[in-house]
Amino acid sequence: MSERIRKSVINAEVNLLFYFLSLFLAFFSRKIFLNNLGADFIGLTGTLNNILGYLNLSELGISACIGYFLFKPIQTRNHKEIQEILSLLGYLYNKIGVIILLGAFAISLFFPLIFNNTELGLRIIYFTFYSFLGSSLIGYFINYRQILLSADQKNYLVAIYYQSANLFKLVIQIYLAYNFKNLYLWVAVEFIFGIIGCLFLNWKINQEYPWLHVDKKRGKLLLKQYPEIIAKTKQVFIHKIKDFVLVKSDELFIFLFVSLKMVAFYGNYMIIISKLISLFSAITGSVGASIGNLVAEGNKQNMIKVFWEYTTIQHTIAATLAFSLYAFLEPFISHWLGAEYIMDNRILILLVLYIYITNSRNSVDAFNYAHGLYADVWSAWAELVINVVITIICGLKWGVIGILVGKIASLIPIIVIWKPYYLFTSGFHESISIYWKYVLRNYAISAFAILSSLFIIKFIPFSPYDSIWNWFAYCTIGMITFLSLDLSATLVFAKGARDSINRFKVIKNIK
(Lines give C-alpha, C1' and ligand atoms only; values in the text may rest on other atoms or scores of the structure.)
Protein backbone atom coordinates (compact mmCIF):
# COMPACT_ATOMS: atom_id res chain seq x y z
CA MET A 1 0.00 0.00 0.00
CA SER A 2 2.78 2.44 0.90
CA GLU A 3 4.34 2.05 -2.56
CA ARG A 4 0.98 2.83 -4.21
CA ILE A 5 0.56 5.94 -2.03
CA ARG A 6 4.17 7.02 -2.65
CA LYS A 7 3.66 6.92 -6.42
CA SER A 8 0.39 8.85 -6.14
CA VAL A 9 2.11 11.57 -4.11
CA ILE A 10 4.98 11.86 -6.60
CA ASN A 11 2.51 12.05 -9.51
CA ALA A 12 0.51 14.77 -7.76
CA GLU A 13 3.59 16.85 -6.89
CA VAL A 14 5.06 16.64 -10.39
CA ASN A 15 1.68 17.36 -12.02
CA LEU A 16 1.23 20.44 -9.82
CA LEU A 17 4.70 21.73 -10.67
CA PHE A 18 4.13 21.41 -14.41
CA TYR A 19 0.59 22.78 -14.09
CA PHE A 20 1.84 26.10 -12.70
CA LEU A 21 4.81 26.26 -15.09
CA SER A 22 2.52 25.59 -18.05
CA LEU A 23 -0.08 28.06 -16.77
CA PHE A 24 2.47 30.85 -16.50
CA LEU A 25 4.01 30.15 -19.91
CA ALA A 26 0.58 29.76 -21.54
CA PHE A 27 -0.59 33.25 -20.50
CA PHE A 28 2.80 34.85 -21.20
CA SER A 29 3.35 33.15 -24.58
CA ARG A 30 -0.20 33.87 -25.77
CA LYS A 31 0.42 37.61 -25.72
CA ILE A 32 3.83 37.27 -27.41
CA PHE A 33 2.46 35.05 -30.17
CA LEU A 34 -0.56 37.28 -30.82
CA ASN A 35 1.59 40.40 -31.02
CA ASN A 36 4.36 38.93 -33.18
CA LEU A 37 2.74 36.17 -35.25
CA GLY A 38 -0.71 37.69 -35.63
CA ALA A 39 -4.21 36.73 -34.54
CA ASP A 40 -4.88 35.03 -37.89
CA PHE A 41 -2.03 32.57 -37.45
CA ILE A 42 -2.91 31.79 -33.81
CA GLY A 43 -6.52 31.29 -34.91
CA LEU A 44 -5.26 28.98 -37.67
CA THR A 45 -3.32 26.81 -35.20
CA GLY A 46 -6.42 26.49 -33.01
CA THR A 47 -8.60 25.57 -35.97
CA LEU A 48 -6.14 22.97 -37.29
CA ASN A 49 -5.78 21.41 -33.83
CA ASN A 50 -9.58 21.17 -33.60
CA ILE A 51 -9.67 19.38 -36.97
CA LEU A 52 -7.06 16.90 -35.71
CA GLY A 53 -9.05 16.54 -32.49
CA TYR A 54 -12.07 15.30 -34.44
CA LEU A 55 -9.86 12.93 -36.44
CA ASN A 56 -8.49 11.54 -33.17
CA LEU A 57 -12.01 10.43 -32.23
CA SER A 58 -11.16 7.08 -33.80
CA GLU A 59 -8.86 6.41 -30.80
CA LEU A 60 -11.47 7.01 -28.13
CA GLY A 61 -11.73 4.06 -25.80
CA ILE A 62 -8.64 2.05 -26.73
CA SER A 63 -6.14 3.65 -24.33
CA ALA A 64 -8.64 3.57 -21.43
CA CYS A 65 -9.46 -0.05 -22.15
CA ILE A 66 -5.82 -1.14 -22.46
CA GLY A 67 -5.02 0.64 -19.19
CA TYR A 68 -7.70 -1.44 -17.44
CA PHE A 69 -6.28 -4.71 -18.80
CA LEU A 70 -2.76 -3.79 -17.68
CA PHE A 71 -3.60 -3.41 -13.97
CA LYS A 72 -3.69 -7.15 -13.20
CA PRO A 73 -0.48 -8.23 -15.01
CA ILE A 74 1.35 -5.24 -13.49
CA GLN A 75 0.16 -6.35 -10.06
CA THR A 76 1.30 -9.96 -10.66
CA ARG A 77 4.45 -8.89 -12.60
CA ASN A 78 3.36 -10.96 -15.58
CA HIS A 79 5.84 -9.58 -18.14
CA LYS A 80 4.66 -11.88 -20.92
CA GLU A 81 1.06 -10.68 -20.70
CA ILE A 82 2.14 -7.02 -20.51
CA GLN A 83 4.20 -7.45 -23.68
CA GLU A 84 1.29 -9.13 -25.47
CA ILE A 85 -1.19 -6.40 -24.49
CA LEU A 86 1.19 -3.66 -25.61
CA SER A 87 1.87 -5.54 -28.87
CA LEU A 88 -1.88 -5.58 -29.44
CA LEU A 89 -2.06 -1.86 -28.62
CA GLY A 90 0.77 -1.15 -31.06
CA TYR A 91 -1.05 -3.04 -33.80
CA LEU A 92 -4.34 -1.21 -33.17
CA TYR A 93 -2.62 2.17 -32.96
CA ASN A 94 -0.85 1.53 -36.26
CA LYS A 95 -4.24 0.96 -37.89
CA ILE A 96 -5.68 4.10 -36.27
CA GLY A 97 -2.64 6.13 -37.29
CA VAL A 98 -3.14 5.12 -40.92
CA ILE A 99 -6.87 6.02 -40.71
CA ILE A 100 -6.02 9.45 -39.26
CA LEU A 101 -3.36 10.01 -41.93
CA LEU A 102 -5.79 9.18 -44.74
CA GLY A 103 -8.55 11.26 -43.16
CA ALA A 104 -6.21 14.21 -42.73
CA PHE A 105 -5.09 13.99 -46.34
CA ALA A 106 -8.70 13.91 -47.54
CA ILE A 107 -9.65 16.94 -45.43
CA SER A 108 -6.55 18.86 -46.54
CA LEU A 109 -7.75 18.65 -50.16
CA PHE A 110 -10.54 21.04 -49.20
CA PHE A 111 -8.28 23.62 -47.51
CA PRO A 112 -8.46 25.98 -50.54
CA LEU A 113 -12.23 26.15 -49.92
CA ILE A 114 -12.13 26.10 -46.12
CA PHE A 115 -9.52 28.86 -45.85
CA ASN A 116 -10.42 30.88 -48.92
CA ASN A 117 -11.03 34.05 -46.87
CA THR A 118 -7.80 34.02 -44.87
CA GLU A 119 -4.87 36.27 -45.68
CA LEU A 120 -2.45 33.48 -44.82
CA GLY A 121 -1.11 31.59 -47.83
CA LEU A 122 -1.94 27.95 -48.48
CA ARG A 123 1.75 27.06 -48.18
CA ILE A 124 1.93 27.96 -44.46
CA ILE A 125 -1.50 26.38 -43.86
CA TYR A 126 -0.40 23.03 -45.31
CA PHE A 127 3.02 23.21 -43.64
CA THR A 128 1.40 23.86 -40.24
CA PHE A 129 -1.26 21.18 -40.67
CA TYR A 130 1.11 18.40 -41.69
CA SER A 131 3.60 19.38 -38.97
CA PHE A 132 0.85 19.13 -36.36
CA LEU A 133 -0.31 15.88 -37.94
CA GLY A 134 3.22 14.45 -37.76
CA SER A 135 3.49 15.35 -34.06
CA SER A 136 0.14 13.66 -33.43
CA LEU A 137 0.98 10.49 -35.35
CA ILE A 138 4.18 10.00 -33.32
CA GLY A 139 1.94 8.95 -30.43
CA TYR A 140 0.29 6.28 -32.57
CA PHE A 141 3.33 4.83 -34.32
CA ILE A 142 6.07 5.22 -31.70
CA ASN A 143 4.94 6.66 -28.35
CA TYR A 144 2.06 4.31 -27.49
CA ARG A 145 4.13 2.42 -24.87
CA GLN A 146 3.77 5.35 -22.45
CA ILE A 147 0.42 3.88 -21.39
CA LEU A 148 2.44 1.36 -19.36
CA LEU A 149 3.88 4.22 -17.30
CA SER A 150 0.38 5.54 -16.59
CA ALA A 151 -1.00 2.13 -15.61
CA ASP A 152 2.07 1.52 -13.42
CA GLN A 153 1.55 4.86 -11.61
CA LYS A 154 4.67 6.37 -13.17
CA ASN A 155 2.95 9.14 -15.06
CA TYR A 156 5.33 11.59 -13.39
CA LEU A 157 7.98 10.32 -15.82
CA VAL A 158 5.75 11.30 -18.74
CA ALA A 159 5.42 14.76 -17.20
CA ILE A 160 9.13 15.13 -16.48
CA TYR A 161 10.37 14.09 -19.90
CA TYR A 162 7.54 15.00 -22.25
CA GLN A 163 6.28 18.12 -20.50
CA SER A 164 9.82 19.39 -20.00
CA ALA A 165 10.31 19.15 -23.76
CA ASN A 166 7.03 21.04 -24.27
CA LEU A 167 8.04 23.83 -21.89
CA PHE A 168 11.46 24.16 -23.49
CA LYS A 169 9.76 24.23 -26.88
CA LEU A 170 7.52 27.10 -25.74
CA VAL A 171 10.53 29.09 -24.52
CA ILE A 172 12.27 28.68 -27.89
CA GLN A 173 9.06 29.57 -29.77
CA ILE A 174 8.69 32.73 -27.65
CA TYR A 175 12.29 33.71 -28.47
CA LEU A 176 11.84 33.03 -32.21
CA ALA A 177 8.46 34.79 -32.40
CA TYR A 178 9.77 37.88 -30.60
CA ASN A 179 13.02 38.16 -32.58
CA PHE A 180 12.26 36.73 -36.03
CA LYS A 181 8.43 36.69 -36.41
CA ASN A 182 8.83 33.74 -38.80
CA LEU A 183 5.83 31.41 -38.98
CA TYR A 184 7.77 28.54 -40.57
CA LEU A 185 10.39 28.55 -37.81
CA TRP A 186 7.67 28.50 -35.14
CA VAL A 187 5.95 25.51 -36.75
CA ALA A 188 9.22 23.65 -37.38
CA VAL A 189 10.09 23.91 -33.68
CA GLU A 190 6.64 22.50 -32.84
CA PHE A 191 7.33 19.42 -34.97
CA ILE A 192 10.98 18.93 -33.94
CA PHE A 193 10.19 18.99 -30.22
CA GLY A 194 7.38 16.50 -30.75
CA ILE A 195 10.06 14.09 -31.96
CA ILE A 196 12.55 15.05 -29.22
CA GLY A 197 9.97 14.51 -26.45
CA CYS A 198 9.08 11.14 -27.94
CA LEU A 199 12.72 9.99 -28.15
CA PHE A 200 13.50 10.98 -24.54
CA LEU A 201 10.34 9.32 -23.22
CA ASN A 202 11.00 6.08 -25.09
CA TRP A 203 14.58 6.08 -23.81
CA LYS A 204 13.21 6.31 -20.26
CA ILE A 205 10.68 3.54 -20.90
CA ASN A 206 13.53 1.27 -22.05
CA GLN A 207 15.39 2.09 -18.84
CA GLU A 208 12.36 1.42 -16.61
CA TYR A 209 11.36 -1.79 -18.39
CA PRO A 210 14.47 -3.37 -19.97
CA TRP A 211 12.53 -6.62 -20.39
CA LEU A 212 9.84 -4.96 -22.53
CA HIS A 213 9.86 -6.16 -26.14
CA VAL A 214 6.83 -5.20 -28.23
CA ASP A 215 6.05 -6.97 -31.49
CA LYS A 216 3.33 -5.08 -33.37
CA LYS A 217 3.32 -7.69 -36.12
CA ARG A 218 1.86 -10.23 -33.65
CA GLY A 219 -1.01 -7.85 -32.83
CA LYS A 220 -3.42 -9.36 -35.36
CA LEU A 221 -2.89 -12.86 -33.95
CA LEU A 222 -3.29 -11.56 -30.39
CA LEU A 223 -6.75 -10.18 -31.21
CA LYS A 224 -8.04 -13.76 -31.04
CA GLN A 225 -6.25 -14.34 -27.75
CA TYR A 226 -7.74 -11.21 -26.11
CA PRO A 227 -11.28 -10.88 -27.55
CA GLU A 228 -12.43 -9.15 -24.37
CA ILE A 229 -10.19 -6.16 -25.18
CA ILE A 230 -12.08 -5.51 -28.41
CA ALA A 231 -15.44 -6.02 -26.66
CA LYS A 232 -14.50 -3.57 -23.88
CA THR A 233 -13.08 -1.10 -26.38
CA LYS A 234 -16.39 -0.94 -28.23
CA GLN A 235 -18.20 -0.27 -24.94
CA VAL A 236 -15.73 2.41 -23.84
CA PHE A 237 -15.88 4.02 -27.29
CA ILE A 238 -19.63 4.71 -26.89
CA HIS A 239 -19.11 6.32 -23.48
CA LYS A 240 -16.20 8.45 -24.72
CA ILE A 241 -18.13 9.60 -27.81
CA LYS A 242 -21.00 10.63 -25.53
CA ASP A 243 -18.64 12.62 -23.29
CA PHE A 244 -16.99 14.27 -26.30
CA VAL A 245 -20.32 15.30 -27.84
CA LEU A 246 -21.76 16.63 -24.57
CA VAL A 247 -18.65 18.68 -23.79
CA LYS A 248 -18.25 20.08 -27.31
CA SER A 249 -21.95 20.76 -27.94
CA ASP A 250 -22.37 23.70 -25.53
CA GLU A 251 -20.93 26.41 -27.72
CA LEU A 252 -22.61 24.98 -30.83
CA PHE A 253 -26.04 25.11 -29.18
CA ILE A 254 -25.39 28.62 -27.85
CA PHE A 255 -24.44 29.72 -31.37
CA LEU A 256 -27.58 28.12 -32.84
CA PHE A 257 -30.08 29.28 -30.19
CA VAL A 258 -28.59 32.56 -28.93
CA SER A 259 -25.75 34.35 -30.73
CA LEU A 260 -22.06 34.23 -31.60
CA LYS A 261 -21.47 37.03 -29.07
CA MET A 262 -22.91 34.89 -26.28
CA VAL A 263 -20.52 32.09 -27.28
CA ALA A 264 -17.64 34.44 -26.42
CA PHE A 265 -19.27 35.44 -23.09
CA TYR A 266 -19.82 31.79 -22.16
CA GLY A 267 -16.28 30.94 -23.28
CA ASN A 268 -14.84 33.50 -20.83
CA TYR A 269 -16.55 31.71 -17.94
CA MET A 270 -15.43 28.29 -19.17
CA ILE A 271 -11.76 29.33 -19.46
CA ILE A 272 -11.67 30.18 -15.75
CA ILE A 273 -13.68 27.09 -14.77
CA SER A 274 -11.44 24.77 -16.81
CA LYS A 275 -8.29 26.21 -15.22
CA LEU A 276 -9.67 25.66 -11.72
CA ILE A 277 -10.72 22.10 -12.54
CA SER A 278 -7.29 21.43 -14.07
CA LEU A 279 -5.67 22.55 -10.82
CA PHE A 280 -7.54 19.95 -8.78
CA SER A 281 -7.06 17.34 -11.52
CA ALA A 282 -3.31 17.87 -11.24
CA ILE A 283 -3.62 16.81 -7.59
CA THR A 284 -6.06 13.90 -7.90
CA GLY A 285 -5.64 12.88 -11.55
CA SER A 286 -2.95 10.33 -10.75
CA VAL A 287 -5.28 8.39 -8.42
CA GLY A 288 -6.98 6.46 -11.25
CA ALA A 289 -4.10 4.03 -11.79
CA SER A 290 -3.73 3.64 -8.01
CA ILE A 291 -7.38 2.61 -7.74
CA GLY A 292 -6.93 0.23 -10.69
CA ASN A 293 -4.06 -1.49 -8.89
CA LEU A 294 -6.08 -1.54 -5.67
CA VAL A 295 -8.98 -3.31 -7.39
CA ALA A 296 -6.54 -5.74 -9.00
CA GLU A 297 -5.43 -6.78 -5.49
CA GLY A 298 -9.00 -7.97 -4.81
CA ASN A 299 -9.29 -6.84 -1.18
CA LYS A 300 -12.96 -5.81 -1.08
CA GLN A 301 -12.89 -4.31 2.42
CA ASN A 302 -9.93 -2.11 1.53
CA MET A 303 -11.56 -1.14 -1.78
CA ILE A 304 -14.72 0.13 -0.10
CA LYS A 305 -12.70 1.92 2.58
CA VAL A 306 -10.68 3.77 -0.09
CA PHE A 307 -13.86 4.48 -2.05
CA TRP A 308 -15.34 6.44 0.86
CA GLU A 309 -12.07 8.29 1.44
CA TYR A 310 -11.92 9.31 -2.21
CA THR A 311 -15.64 10.14 -2.33
CA THR A 312 -15.32 12.48 0.65
CA ILE A 313 -12.29 14.19 -0.91
CA GLN A 314 -14.08 14.61 -4.25
CA HIS A 315 -17.19 16.09 -2.61
CA THR A 316 -14.96 18.52 -0.70
CA ILE A 317 -13.24 19.53 -3.96
CA ALA A 318 -16.58 19.86 -5.74
CA ALA A 319 -17.99 22.04 -2.95
CA THR A 320 -14.85 24.20 -2.96
CA LEU A 321 -15.17 24.69 -6.71
CA ALA A 322 -18.87 25.49 -6.44
CA PHE A 323 -18.44 28.04 -3.65
CA SER A 324 -15.40 29.78 -5.14
CA LEU A 325 -16.99 30.04 -8.59
CA TYR A 326 -20.27 31.46 -7.29
CA ALA A 327 -18.67 33.86 -4.82
CA PHE A 328 -15.66 35.10 -6.80
CA LEU A 329 -16.15 34.53 -10.55
CA GLU A 330 -18.34 37.51 -11.42
CA PRO A 331 -16.15 40.16 -9.70
CA PHE A 332 -13.09 38.58 -11.36
CA ILE A 333 -14.76 38.83 -14.78
CA SER A 334 -15.50 42.49 -13.99
CA HIS A 335 -11.82 43.22 -13.27
CA TRP A 336 -10.45 41.05 -16.08
CA LEU A 337 -12.74 41.97 -18.99
CA GLY A 338 -15.28 44.48 -17.73
CA ALA A 339 -18.70 44.38 -16.05
CA GLU A 340 -20.43 44.16 -19.44
CA TYR A 341 -19.13 40.57 -19.81
CA ILE A 342 -20.99 39.32 -16.73
CA MET A 343 -23.88 37.04 -17.71
CA ASP A 344 -27.25 36.45 -16.05
CA ASN A 345 -26.70 35.24 -12.46
CA ARG A 346 -29.04 32.29 -13.13
CA ILE A 347 -26.51 31.02 -15.69
CA LEU A 348 -23.80 31.07 -13.01
CA ILE A 349 -26.04 29.16 -10.57
CA LEU A 350 -26.69 26.43 -13.15
CA LEU A 351 -23.00 26.28 -14.08
CA VAL A 352 -22.08 25.88 -10.41
CA LEU A 353 -24.63 23.07 -9.99
CA TYR A 354 -23.31 21.35 -13.12
CA ILE A 355 -19.69 21.65 -11.95
CA TYR A 356 -20.59 20.26 -8.52
CA ILE A 357 -22.35 17.20 -9.96
CA THR A 358 -19.64 16.40 -12.52
CA ASN A 359 -16.78 16.71 -10.02
CA SER A 360 -18.40 14.96 -7.07
CA ARG A 361 -19.02 11.90 -9.27
CA ASN A 362 -15.29 11.31 -9.94
CA SER A 363 -14.92 8.60 -7.30
CA VAL A 364 -17.75 6.54 -8.81
CA ASP A 365 -16.25 6.95 -12.29
CA ALA A 366 -12.78 5.93 -11.09
CA PHE A 367 -14.01 2.72 -9.46
CA ASN A 368 -16.29 1.84 -12.38
CA TYR A 369 -13.25 2.23 -14.66
CA ALA A 370 -11.07 0.13 -12.34
CA HIS A 371 -13.69 -2.64 -12.40
CA GLY A 372 -14.07 -2.41 -16.18
CA LEU A 373 -17.79 -1.59 -15.87
CA TYR A 374 -18.59 -0.25 -19.33
CA ALA A 375 -21.28 -2.70 -20.48
CA ASP A 376 -24.06 -0.16 -19.77
CA VAL A 377 -23.79 1.42 -23.22
CA TRP A 378 -27.52 2.13 -23.08
CA SER A 379 -26.84 4.71 -20.35
CA ALA A 380 -24.53 6.67 -22.67
CA TRP A 381 -27.20 6.80 -25.38
CA ALA A 382 -29.87 7.68 -22.80
CA GLU A 383 -27.80 10.55 -21.38
CA LEU A 384 -27.10 11.85 -24.87
CA VAL A 385 -30.75 11.69 -25.99
CA ILE A 386 -32.05 13.30 -22.77
CA ASN A 387 -29.49 16.09 -23.09
CA VAL A 388 -30.18 16.85 -26.76
CA VAL A 389 -33.99 16.69 -26.50
CA ILE A 390 -34.26 18.89 -23.39
CA THR A 391 -31.57 21.26 -24.67
CA ILE A 392 -33.44 21.83 -27.93
CA ILE A 393 -36.79 22.35 -26.18
CA CYS A 394 -35.47 24.56 -23.36
CA GLY A 395 -32.70 26.21 -25.40
CA LEU A 396 -35.19 27.58 -27.91
CA LYS A 397 -37.23 29.05 -25.05
CA TRP A 398 -34.61 30.19 -22.51
CA GLY A 399 -31.30 30.36 -24.41
CA VAL A 400 -28.15 29.57 -22.39
CA ILE A 401 -30.25 28.82 -19.29
CA GLY A 402 -32.19 26.18 -21.22
CA ILE A 403 -28.99 24.63 -22.59
CA LEU A 404 -27.61 24.23 -19.06
CA VAL A 405 -30.94 22.82 -17.86
CA GLY A 406 -30.56 20.16 -20.55
CA LYS A 407 -27.07 19.25 -19.35
CA ILE A 408 -28.14 18.95 -15.71
CA ALA A 409 -31.33 17.05 -16.56
CA SER A 410 -29.30 14.37 -18.34
CA LEU A 411 -26.85 14.05 -15.43
CA ILE A 412 -29.36 13.35 -12.67
CA PRO A 413 -30.89 10.02 -13.85
CA ILE A 414 -27.66 8.61 -15.31
CA ILE A 415 -24.69 10.07 -13.42
CA VAL A 416 -26.25 10.74 -10.02
CA ILE A 417 -28.58 7.71 -9.79
CA TRP A 418 -27.59 4.95 -12.24
CA LYS A 419 -23.76 4.97 -12.13
CA PRO A 420 -23.49 4.47 -8.33
CA TYR A 421 -26.12 1.72 -8.55
CA TYR A 422 -24.10 0.00 -11.30
CA LEU A 423 -20.89 0.21 -9.23
CA PHE A 424 -22.38 -1.10 -5.99
CA THR A 425 -24.39 -3.94 -7.53
CA SER A 426 -21.92 -5.08 -10.21
CA GLY A 427 -18.58 -3.93 -8.78
CA PHE A 428 -18.74 -4.04 -4.99
CA HIS A 429 -21.72 -6.44 -4.88
CA GLU A 430 -23.28 -4.43 -2.07
CA SER A 431 -26.67 -2.83 -1.53
CA ILE A 432 -27.08 0.62 -3.09
CA SER A 433 -28.77 1.75 0.14
CA ILE A 434 -25.31 1.84 1.75
CA TYR A 435 -24.20 4.37 -0.85
CA TRP A 436 -27.16 6.69 -0.38
CA LYS A 437 -26.96 6.41 3.41
CA TYR A 438 -23.56 8.05 3.40
CA VAL A 439 -23.42 10.12 0.23
CA LEU A 440 -26.50 12.14 1.24
CA ARG A 441 -24.43 13.33 4.19
CA ASN A 442 -21.85 14.68 1.74
CA TYR A 443 -24.53 16.54 -0.21
CA ALA A 444 -25.89 18.01 3.06
CA ILE A 445 -22.40 19.05 4.22
CA SER A 446 -21.70 20.78 0.91
CA ALA A 447 -25.05 22.61 0.93
CA PHE A 448 -24.56 23.71 4.55
CA ALA A 449 -21.00 24.98 3.98
CA ILE A 450 -21.78 26.80 0.71
CA LEU A 451 -25.00 28.49 1.83
CA SER A 452 -23.66 29.42 5.28
CA SER A 453 -20.47 30.88 3.80
CA LEU A 454 -22.38 32.89 1.20
CA PHE A 455 -24.52 34.34 4.01
CA ILE A 456 -21.51 35.18 6.21
CA ILE A 457 -19.43 36.91 3.50
CA LYS A 458 -22.29 39.34 2.88
CA PHE A 459 -21.08 41.10 6.03
CA ILE A 460 -17.54 41.72 4.74
CA PRO A 461 -17.27 45.54 4.90
CA PHE A 462 -15.91 46.07 1.36
CA SER A 463 -16.87 45.03 -2.15
CA PRO A 464 -14.79 42.68 -4.36
CA TYR A 465 -15.82 44.85 -7.33
CA ASP A 466 -14.01 47.97 -6.04
CA SER A 467 -10.44 46.89 -6.87
CA ILE A 468 -8.42 43.77 -7.61
CA TRP A 469 -6.84 44.01 -4.14
CA ASN A 470 -10.27 44.07 -2.55
CA TRP A 471 -11.10 41.01 -4.63
CA PHE A 472 -8.02 39.18 -3.32
CA ALA A 473 -8.88 40.07 0.27
CA TYR A 474 -12.52 39.08 -0.28
CA CYS A 475 -11.42 35.71 -1.72
CA THR A 476 -9.08 35.09 1.21
CA ILE A 477 -11.73 35.78 3.85
CA GLY A 478 -14.34 33.85 1.89
CA MET A 479 -12.17 30.75 1.44
CA ILE A 480 -11.11 30.71 5.11
CA THR A 481 -14.78 30.92 6.10
CA PHE A 482 -15.87 28.19 3.70
CA LEU A 483 -13.03 25.76 4.43
CA SER A 484 -13.50 26.18 8.18
CA LEU A 485 -17.17 25.24 7.91
CA ASP A 486 -16.82 22.55 5.25
CA LEU A 487 -13.82 20.74 6.71
CA SER A 488 -15.23 20.84 10.24
CA ALA A 489 -18.57 19.39 9.14
CA THR A 490 -16.84 16.85 6.92
CA LEU A 491 -14.58 15.62 9.71
CA VAL A 492 -17.54 15.17 12.07
CA PHE A 493 -20.19 13.71 9.74
CA ALA A 494 -18.69 12.33 6.50
CA LYS A 495 -17.81 8.66 6.15
CA GLY A 496 -14.17 8.24 5.22
CA ALA A 497 -13.10 11.65 6.53
CA ARG A 498 -11.05 10.36 9.45
CA ASP A 499 -9.56 7.63 7.27
CA SER A 500 -8.51 10.41 4.88
CA ILE A 501 -6.74 12.21 7.75
CA ASN A 502 -4.93 8.98 8.61
CA ARG A 503 -4.06 8.58 4.92
CA PHE A 504 -2.43 12.01 4.90
CA LYS A 505 -0.43 11.02 8.01
CA VAL A 506 0.74 7.91 6.15
CA ILE A 507 1.71 10.08 3.17
CA LYS A 508 3.69 12.39 5.47
CA ASN A 509 5.54 9.43 6.98
CA ILE A 510 6.27 7.95 3.56
CA LYS A 511 7.64 11.28 2.31
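Modeller: Let us begin with exposure: a residue is buried under 20% relative accessible area, exposed over 50%, and partly exposed in between, with a 1.4 Å probe and protein chains only. This is a predicted model, in which local features need pLDDT of at least 70, side-chain atom pairs count only at pLDDT 80 or more, and totals for chains, interfaces and linings use all residues. Residues are numbered from 1 along each chain as its sequence is written, and side-chain values use heavy atoms, with hydrogens and water left out.

Colleague: Is D40 buried, exposed or partly exposed?

Modeller: D40 is partly exposed, because its relative accessible area is 46%. D40 belongs to helix 2, residues 39-55; helices (H or I, at least four residues) and strands (E, at least two) are DSSP runs, numbered from the N terminus.

Colleague: Which residues does D40 touch, leaving aside those up to four places away in sequence?

Modeller: D40 touches E119 and L120, where contact means heavy atoms within 4.5 Å.

Colleague: And how far apart are D40 and N202?

Modeller: Their C-alpha atoms are 35 Å apart in space, and the two residues are 162 apart in sequence.

Colleague: On to the whole protein. How many helices and strands does it have?

Modeller: The protein has 21 helices and zero strands. Its radius of gyration is 24 Å, close to the 24 Å that the globule rule gives for 511 residues, so the protein is as compact as a globular protein of that length. That radius is taken over C-alpha atoms, and the rule is 2.2 Å times the number of residues to the power 0.38.

Colleague: What share of the residues is buried?

Modeller: Buried residues make up 51% of the 511.

Colleague: How many cavities of 30 Å³ or more are there?

Modeller: The search of the whole structure finds two. A cavity is a set of points, on a 1 Å grid over the protein atoms alone, where a 1.4 Å probe fits but cannot get out; lining residues have an atom within 4 Å of a point. Grid points are joined across faces, edges and corners, and a volume is the space filled by probe spheres set on the points.

Colleague: What is the volume of the largest cavity, and which residues lie nearest its centre?

Modeller: Its volume is about 80 Å³. Of the 13 lining residues, S360, R361, V364, Y435 and Y443 lie nearest the centre.

Colleague: Which residues line the second largest cavity?

Modeller: T312, H315, T316, N442, I445, S446, D486, T490 and A494 line that cavity, which holds about 40 Å³ of space.

Conventions
On a 1 Å grid over the protein atoms alone, a cavity is a set of points where a 1.4 Å probe fits but cannot get out, and a pocket is an open set with protein on both sides within 12 Å along at least five of seven lines; lining residues have an atom within 4 Å of a point.
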